[in-house]
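Please walk me through this structure, taking the contact between its chains before the folds themselves.

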2 protein chains.
Amino acid sequence: MAIKPSTPKGTRDFSSSDVAKRNYLKSILQSTFEEYGFNPVETPSFEKLETLTGVYGEEGDRLVFKILNSGEKINKADLDALKNGENKKFIISLSEKALRYDLTVPFARYVAQHQNELTFPFRRYQIQPVWRADRPQRGRYQEFVQCDADIVGTRSLWQEVEVLHLYDRVFKKLKINDIILRINHRNILAAIISLFEDESRIYDFTLVLDKFDKIGKNEVFKELINKDFNIKLLDILEKLIDLKENYKEQIKYFKSLFKKSQIGLEALSELEFIFDSFKLGSSDSTVLKFDFSLARGLSYYTGMIVEVDSPRKTNIGSIGGGGRYDNLTSVFGMKNISGVGVSFGFERIYLVMDQLGLFPSNLISSIKVLFVNFGDSAAEVAYSYLIKLRDKKISCELYPIEAKLNKQLAYANSKGIKKVILMGSNEIKEKAFELKDMDSGNQTKYPLSKLTDLF
Amino acid sequence: MAIKPSTPKGTRDFSSSDVAKRNYLKSILQSTFEEYGFNPVETPSFEKLETLTGVYGEEGDRLVFKILNSGEKINKADLDALKNGENKKFIISLSEKALRYDLTVPFARYVAQHQNELTFPFRRYQIQPVWRADRPQRGRYQEFVQCDADIVGTRSLWQEVEVLHLYDRVFKKLKINDIILRINHRNILAAIISLFEDESRIYDFTLVLDKFDKIGKNEVFKELINKDFNIKLLDILEKLIDLKENYKEQIKYFKSLFKKSQIGLEALSELEFIFDSFKLGSSDSTVLKFDFSLARGLSYYTGMIVEVDSPRKTNIGSIGGGGRYDNLTSVFGMKNISGVGVSFGFERIYLVMDQLGLFPSNLISSIKVLFVNFGDSAAEVAYSYLIKLRDKKISCELYPIEAKLNKQLAYANSKGIKKVILMGSNEIKEKAFELKDMDSGNQTKYPLSKLTDLF
């Protein structure tokens, strides 16, 4: 019985034109990163299960693809664990490895493992696929490419400026205009919450605040009240929302608010430095915006947070994000490594470019010349000329068999080949060939001796 | 407790210089393939388990990495199967997907699935990692890159010539000389065996013959006798071994031997065509050689077989192989698709190049200019000039903090940065800067207005 050919749910085949577009996007990312002093690193597709367990939370643990142990090890399956509903224990008895879930944890592992070979501050980029056992849906895949750039080993705020400029430069090169970089600082949120509550409630607070864009002010307020947050917090949020489009007024307001909050004032002055320095060299097409409501789910940011909004007309939403972190490698026993990292949402940036028609049209490299095949003895002569063209770096092909001319020309058309050379036994006797231009349809006879000069 | 950072056995991290070298090799492969009319295709990292089961043989089935089902599906584990020693059944109850084991099967699946979108003859190349649960050892990894180029949809022998020329061209571009392409034809072997035995014994026969290079003539003969092959076969092999370096004499001998074997004579004439046509355009550095003992393990070749020997001095052995096949897609219900395919042993070619020093030395793109950091107000001026250089596509960096000059210069050295700009508050007052050449150590003062012109 024949197997119906299909890919697993949530995965994709990439045709030649897909690959060409993906490689174009990748090459611009790569070259820009390298202009900014970032060097590439690649890590294995799978890591030890222990490296990927417990770092992405409960939900993440479920979404990490585990690899089944092979050979005799399968017999070590802990059947009792399964019977007792201890799924985790059962899984550990069957699996020692898991597929990369993001680039952050493998990178942290890389830095800790290779710390003695690296020059700090270390600037690396990494563009590799990751895998998640997410329920597949439109635009969400189980295999997709991630792209991260990080600078680790220094607390210098110039690095925040660098990664924001990096965003600006990449999007400018990709010709994506109207990008908004929204930034905030973890300690702005911490200072706000500390005005009325214990700072530890920051996670609860930001969890609600993060929904601002999705559910709107009223719902956010309702949730905050339900969660028993101090009502004065709402007054402050109300005021901040009023000032949302006015950066200077917001800063003024925060300064008065944080009169007694050291961390709040420091966070403000960091943001001011970042804004001022960003202006030194940003393009016109990218806007840097302060957004006090930006929190991003991840709890590991300790300083600036950034989120990239795609052009509004594309309706694609966030196409990147990142921030400052202080504890990247501590789980691997390497303490106090501060860094700042940003990721580029490769798959979504691809969608934006596709939607806006920003991929160049000539990405698939077409063969330049097709030699028509008029049977073996003529084909042999044709092939000897084909070799001469190839030596001149002109790409060409001989049609494989002596088929009807129409069929051979149709092949040229479907492969985008613009020039066709006809060299049958008559032409060869005359030491000549015909050159057909596929766009105009014109066909011209030339002496064979001219063939290599024509291209 | 900190986790000791390490990768799973049989996998590798790639540093920036590794990635640069791997990308260089990849880019030459890609550009040559595209010159020859091959277009890229990519398939998902995992396939449905059924697609990868039963096609690689008993051993292959064991080496395919299976992915554990996630979530609640884990409870469908067939515990009885495990208890009864039915490991396969147990695995199927736990896994629906498996990691790509080679590029051939996913490509066959791709052709069958997308047949209506493709132009035949279809030339594709594919460079992607594959995974095998092999016992890791020196030079053998569980994750490694494969690289295949195939032409499917025609029986034309010109395609055999094309893929051999492709080998020649790729190795010439990589500057690997002294390559030997050994070729044979499946039906030469079939015709030899048919002289004395049932043709079905060809697999047994080639299994022994394949060991020729490893164990030598005497051991091969012993095995053939043990396996009860006709003694006259040994006389023929003896004669062929005598003629091994003399292509013309071998062909003459075969012609007399195959007087009554239609398939034998056809195979000979195919090989003669391939040899003659290959000569039309091969370089001097690659030798095409007939090797009647070449069989290659895989049973699916139906015509020409080829194996690529690396330069003898490297002692690395085969760095590629392939051949003509007739049934690529039949398992997916698409019959009679003939094709010819070759693979390039990416990891081994890498080793050859590394050993022979063939990687260019300037592959890591170094930043051109480092701005020394003399504290925030001077750094701000420096950064504004850095932006100007970047606008001129000069890659540069500002050292992140005001560290000791020696430390900043050491950073430049370790990142291969050749020019360092010193711009402290004194220089800025004088509207000047110092330019230090890291190779010569020379330091020269220039007016600030000249800065962008100097690069």
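What area is buried between chain A and chain B, and what percentage of it do carbon and sulfur atoms give? The model is a predicted one, and in it the area buried between chain A and chain B is about 9000 Å², with carbon and sulfur atoms giving 59% of that area. The size of an interface is often given as the accessible area lost when the parts come together. Counted by residues, the contact involves 101 residues of chain A and 101 residues of chain B.

The polar side of this interface can be described by its pairs. Between chain A and chain B there are eight salt bridges, and one that can be located by name joins the side chains of B:Asp13 and A:Arg109, with an N to O distance of 2.5 Å. Polar contacts between chain A and chain B come to 35 residue pairs, where both residues have a pLDDT of 80 or more. On the side of chain A that touches chain B, helix H15 (residues 376–391) of chain A supplies the largest share, namely nine residues.

Eight strands of chain A make up an open sheet with mixed pairing, and their order across it is S1-S5-S6-S11-S10-S9-S7-S8. Strand S1 (39–40) and strand S8 (286–290) of chain A stand at the edges with a single partner strand each, and therefore one side of each has no neighbour in the sheet. Helix H1 (residues 16–35) of chain A lies across S1, S5, strand S6 (143–152) and strand S11 (339–344) of that chain, and runs at about 160 degrees to S5(A).

Two details of the backbone in chain A deserve a look. The peptide bond that joins A:Phe120 and A:Pro121 is cis, with an omega of about -5 degrees, and A:Pro121 lies in the loop between helix H6 (104–113) and S5 of chain A. A:Lys393, although it is not a glycine, has a positive phi of about 65 degrees; this residue lies in the loop between H15 and strand S13 (396–398) of chain A.

Turning to chain B, the reader again finds eight strands in an open sheet of mixed pairing, with the order S1-S5-S6-S11-S10-S9-S7-S8. Its edges are formed by strand S1 (39–40) and strand S8 (286–290) of chain B, and because each has a single partner strand, one side of each is left without a neighbour in the sheet. Elsewhere in this sheet, strand S7 (residues 179–185) and strand S9 (residues 301–309) of chain B pair in the antiparallel sense over six bridges, with B:Arg182 standing opposite B:Glu307 in S9(B). Helix H1 (residues 16–35) of chain B lies across S1, strand S5 (122–131), strand S6 (143–152) and strand S11 (339–344) of chain B, at about 160 degrees to S5(B). A cis peptide bond leads from B:Phe120 to B:Pro121, with omega near -5 degrees, and B:Pro121 is in the loop between helix H6 (104–113) and S5 of chain B.

Key. Residues are numbered from 1 along each chain as its sequence is written. Chains are lettered from A and ligands numbered from 1 in the order in which they are written. This is a predicted model: local features need pLDDT of at least 70, side-chain atom pairs count only at pLDDT 80 or more; totals for chains, interfaces and linings use all residues. Side-chain values use heavy atoms; hydrogens and water are left out. Two strands pair if DSSP finds at least two bridges between them. Helices (H or I, at least four residues) and strands (E, at least two) are DSSP runs, numbered from the N terminus. Contact means heavy atoms within 4.5 Å. Axes are lines fitted to C-alpha atoms, for helices over the stretch in contact, and angles run from 0 to 180 degrees between N-to-C directions. Buried area is the accessible area (1.4 Å probe) that two parts lose on being put together, summed over both. A salt bridge is a side-chain nitrogen of Lys or Arg within 4 Å of a carboxyl oxygen of Asp or Glu. A polar contact is a pair of N or O atoms within 3.5 Å; within protein, one must be able to donate a hydrogen and the other to accept it, and residues adjacent in sequence count only if both atoms are side-chain atoms.
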